[in-house]
Amino acid sequence: LVNEDIPAFIRGAAPRLKALHVHDVTYSNDAHTLPYLLNNDFKKITDALYEIGYDGDMTFEAGAFFRKFPDSLLPACARFMCEVGRQLAAAAQGK
């Protein structure tokens, strides 16, 4: 969704929106990193999801988040990624 108002897109696609492929972006490429690290406004995105009553799946495409961490930190990174996912899901449910 380059150069798109993502919350407006969510509202417009509401009846057909069933699954989300979630990651943050630089707007010049798909960074495939964890939400909240780059440019997407996830507060506005989750507010829009709440407004439409979104109850579908959210999957991360955020494997690049792990790239620069040493192997010894990967379990902690995975736990943090889970917490970010829980936060996004809760915010999309208005919690």
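## Briefing on a predicted protein model

With a disulfide taken as a pair of cysteine sulfur atoms within 2.5 Å, the count for this protein comes to zero disulfides. The model is a predicted one. It contains three helices and two strands, arranged along the sequence in the pattern α-β-α-β-α. The radius of gyration is 14 Å, close to the 12 Å that the globule rule gives for 95 residues, so the protein is as compact as a globular protein of that length.

**Cysteines**

- The sulfur of Cys77 has its closest cysteine sulfur in Cys82, at 11 Å, which is too far for a bond.
- Seen from Cys82, the closest cysteine sulfur is that of Cys77, again at 11 Å and too far for a bond.
- Because a disulfide requires sulfur atoms within 2.5 Å, the 11 Å between the sulfur of Cys77 and that of Cys82 rules out a bond.
- Cys77 is buried, with a relative accessible area of 6%, whereas Cys82 is partly exposed, with a relative accessible area of 43%.

**Overall dimensions and surface**

- The C-alpha trace of the protein spans about 45 × 30 × 20 Å along its principal axes.
- Of the 95 residues, 32% count as buried.
- The protein has an accessible surface of about 6,300 Å², and carbon and sulfur atoms account for 54% of that surface.
- There are 10 positive and 12 negative charges in the protein, and the mean positions of the two sets are 3 Å apart.

**Contacts across the sequence**

- When contacts between residues at least 6 apart in sequence are considered, 63% of them join residues at least 24 apart.
- Another pair is Gly85 and Leu34, which are 51 residues apart along the chain; the separation of their C-alpha atoms is 9.2 Å.

- Leu17 is placed in the loop between helix H1 (6-13) and strand S1.
- With a relative accessible area of 14%, Leu17 is buried; the cut-off for this class is under 20%.
- Leaving aside neighbours within four places in sequence, the residues in contact with Leu17 are Ile10, Leu49, Ile52 and Tyr54.

**The loop between S1 and H2**

- His32 lies in the loop between strand S1 (19-22) and helix H2 (42-51).
- Although His32 is not a glycine, it has a positive phi of about 50°.
- Tyr36 has its place in the loop between S1 and H2 as well.
- Tyr36, which is not a glycine either, has a positive phi of about 80°.
- The relative accessible area of Tyr36 is 41%, and this residue is partly exposed.

**Gly85 in helix H3**

- Gly85 lies in helix H3, which covers residues 74-92.
- Gly85 is partly exposed, with a relative accessible area of 23%.

Technical notes: Residues numbered from 1 in each chain as written. Predicted model: local features only at pLDDT ≥ 70, side-chain atom pairs only at ≥ 80, totals over all residues. Heavy atoms only, no water. Helix = DSSP H or I, 4+ residues; strand = E, 2+ residues; numbered from the N terminus. Rg over C-alpha atoms; globule rule 2.2 N^0.38 Å. Buried < 20%, exposed > 50% of the residue type's maximum accessible area, 1.4 Å probe, protein only. Contact = heavy atoms within 4.5 Å. Areas by Shrake-Rupley, 256 points an atom, 1.4 Å probe, with all protein chains shown as cover. Lys, Arg positive; Asp, Glu negative; His and termini not counted. Charge placed at Lys NZ, Arg CZ, Asp CG, Glu CD.
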